[in-house]
Amino acid sequence: MSKRIAIISGATKGLGRALALDAAERDYHVIGIFRSDTSSAALLDKKFADNGWSGQFICHDLTTSAPSLDLRDDAEILVVNNAISSFQPKPIHLLCQQELLDLFNSAVIGAFHLSQAVIRRMVKAKSGTIINVLSGVVSERPPKGFAAYAAAKFGLLGLTRAMAIEYEQHAIRVISVSPPFMNTPLTQSWGEHWQSIMQREGARSPAEIAKKILELADGASTAESGHHYELDQSPFDSLFKPLN
């Protein structure tokens, strides 16, 4: 097993899958966490085996508890909190409470539990990096229809900043990143309005964004804990103003 371990939530689809593949190519041992997509996990398992990559995919619901992880004592640990439940953009008056709770639980509670699973080991080692994936909707003017999604991601931003302050004395870096919109199974399920916007403006590929995140992780010694990184100029600037 590689000394470098990348633990990725939501690892079987979209950005999470791209992160798992890119991390494996960078000689990380990958631990991919997923909640229910066993068929995609099996395909990834096979791809890892075929390429001789080190990794495992664990079915665990991060909204309920922290997973039990078997990590070597001298491991350099990277955590990428990427999981988010599915949703459809809609105005607030059409939202139900459960939709908001599902998004908050997957983004914030999931990140809380996965971080708790490794934070004691990071404190002991006085090293480690946690990257929380936000979104370009974390802005002063989120696009219409993204209230629940923005609320969940703003919650994750708050958790990021609090964790960065709590653990900076232990040389643990906690940062957040905002990718632009991407072509993923999540965004491909949206309606014609959003599909036309993404087609017109050019949504990014998950592989492109995964590369940027892992380049940032590999250069974490120069990344300031608690800092928020815009990974790319958003193609949706006309819809919202990025967070400063």
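How are the helices α1 and α2 oriented to each other? In this predicted model, α1 and α2 are roughly parallel, since their axes cross at roughly 15° and angles under 35 degrees count as roughly parallel. The sections below set this pair within the protein chain and then examine α1 in detail.

## Overall architecture

The protein chain contains seven helices and seven strands.

Of its 244 residues, 49% count as buried. Among contacts in the protein chain with a separation of 6 or more, 76% are between residues 24 or more positions apart.

## Helix α1

Helix α1 covers residues 14-25, a run of 12 residues. From its first C-alpha to its last it reaches 17 Å, close to the 16 Å expected at 1.5 Å a residue. Just after the helix, Asp27 adopts a positive phi of about 70°.

Because 10 of its 12 residues are buried, α1 is largely enclosed by the rest of the structure. The buried set comprises the glycines Gly14 and Gly16, the leucines Leu15, Leu19 and Leu21, the alanines Ala18, Ala20, Ala23 and Ala24, and one aspartate, Asp22.

## The contact between α1 and α2

Helix α2 spans residues 38-51, and its axis comes within 12 Å of that of α1. The crossing of the two helices is right-handed.

On the α1 side, the contact is formed by Arg17, Ala20, Leu21 and Ala24; on the α2 side, by Leu44, Lys47 and Phe48. These residues divide into five nonpolar and two charged, with no polar residue among them. An α-helix has 3.6 residues a turn, so residues three or four places apart point the same way. The residues that α1 contributes include Arg17, Ala20 and Ala24.

## Leu21 within the contact

Leu21 lies in helix α1 and takes part in the contact with α2. Is Leu21 buried or exposed? Its relative accessibility is 14%, so Leu21 counts as buried, the cut-off being under 20%.

Which residues does Leu21 touch, leaving aside its neighbours within four places in sequence? Leu21 is in contact with Leu44, Lys47, Phe48 and Trp53. Of these, Leu44, Lys47 and Phe48 belong to the α2 side of the helix pair. Leu21 and Leu44 are 23 residues apart along the chain, and their C-alpha atoms are separated by 8.6 Å.

Terms used: Residues numbered from 1 in each chain as written. Predicted model: local features only at pLDDT ≥ 70, side-chain atom pairs only at ≥ 80, totals over all residues. Heavy atoms only, no water. Helix = DSSP H or I, 4+ residues; strand = E, 2+ residues; numbered from the N terminus. Expected span 1.5 Å × (residues − 1). Buried < 20%, exposed > 50% of the residue type's maximum accessible area, 1.4 Å probe, protein only. Axes fitted to C-alpha atoms, helices over the stretch in contact; angles between N-to-C directions. Parallel < 35°, antiparallel > 145°, perpendicular 65-115°, else oblique. Left-handed = near helix turned anticlockwise from the far one by under 90°. Contact = heavy atoms within 4.5 Å. Nonpolar A, V, L, I, M, F, W, Y, C, P; charged D, E, K, R; others polar.
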